[in-house]
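Dear colleague,

Please find the structure below. My notes on its side-chain contacts follow.

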Amino acid sequence: MSSSGEPASTWTFLTHHARVLVEIARDPHARLRDIADRIGITERAVQGIVSDLHQEGYLSRNRVGRRNHYTLNPDRSFRYPTEANLPVRLLIDMFTQHDLPDGGAPADAPPAPLGSPDTGGTPLLPDRVPDAHRP
């Protein structure tokens, strides 16, 4: 509860669709059950989200034995009109680079400045977005 006696808000910046996409980027061989456990939703909800992402072209599924292997299409654009000119790669890189020690830089390398091409991914600063993805 907050200090005013009202329940604390539980909203987050990322939707479940974004969280599932990031989890698949982290582990393309992950089981839906494992993704559900990591983000705190039901396996059935993850199944529906993966179906949505597949239908919209954000990922493809390949059956490998009894399991699925997922391949992302990071060049697919965001759906919301104000971000429709940007690839989901920006979101994926931001959160998968966050998982690496020092943002993926070698242990003996000095930290790269934010937005530098040396950070290993697409720069995140708006003035560094590739021209092909500008309005």
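Is R38 buried, exposed or partly exposed? With a relative accessible area of 43%, R38 is partly exposed (buried means under 20% relative accessible area, exposed over 50%, partly exposed in between, with a 1.4 Å probe and protein chains only).

This is a predicted model, in which local features need pLDDT of at least 70 and side-chain atom pairs count only at pLDDT 80 or more, while totals for chains, interfaces and linings use all residues. Residues are numbered from 1 along each chain as its sequence is written, and side-chain values use heavy atoms, without hydrogens and water.

The count of salt bridges is 8 (a side-chain nitrogen of Lys or Arg within 4 Å of a carboxyl oxygen of Asp or Glu). One of them joins R38 to E23, with the closest N and O atoms 3.2 Å apart. This pair links distant parts of the chain, R38 being in helix α2 and E23 in helix α1 (helices are DSSP runs of H or I with at least four residues, numbered from the N terminus). E23 also meets R26 in a salt bridge at 2.7 Å, N to O. E23 is buried at 8% relative accessible area, whereas R26 is partly exposed at 35%.

The structure holds 1 aromatic pair (ring centres of Phe, Tyr or Trp, the last by its six-membered ring, within 6.5 Å; planes under 30 degrees apart are stacked, over 60 edge-to-face, the rest tilted). The ring centres of W11 and F13 are 5.0 Å apart and their planes lie at 75°, so the pair is edge-to-face.

Kind regards

Key: Helix = DSSP H or I, 4+ residues; strand = E, 2+ residues; numbered from the N terminus.
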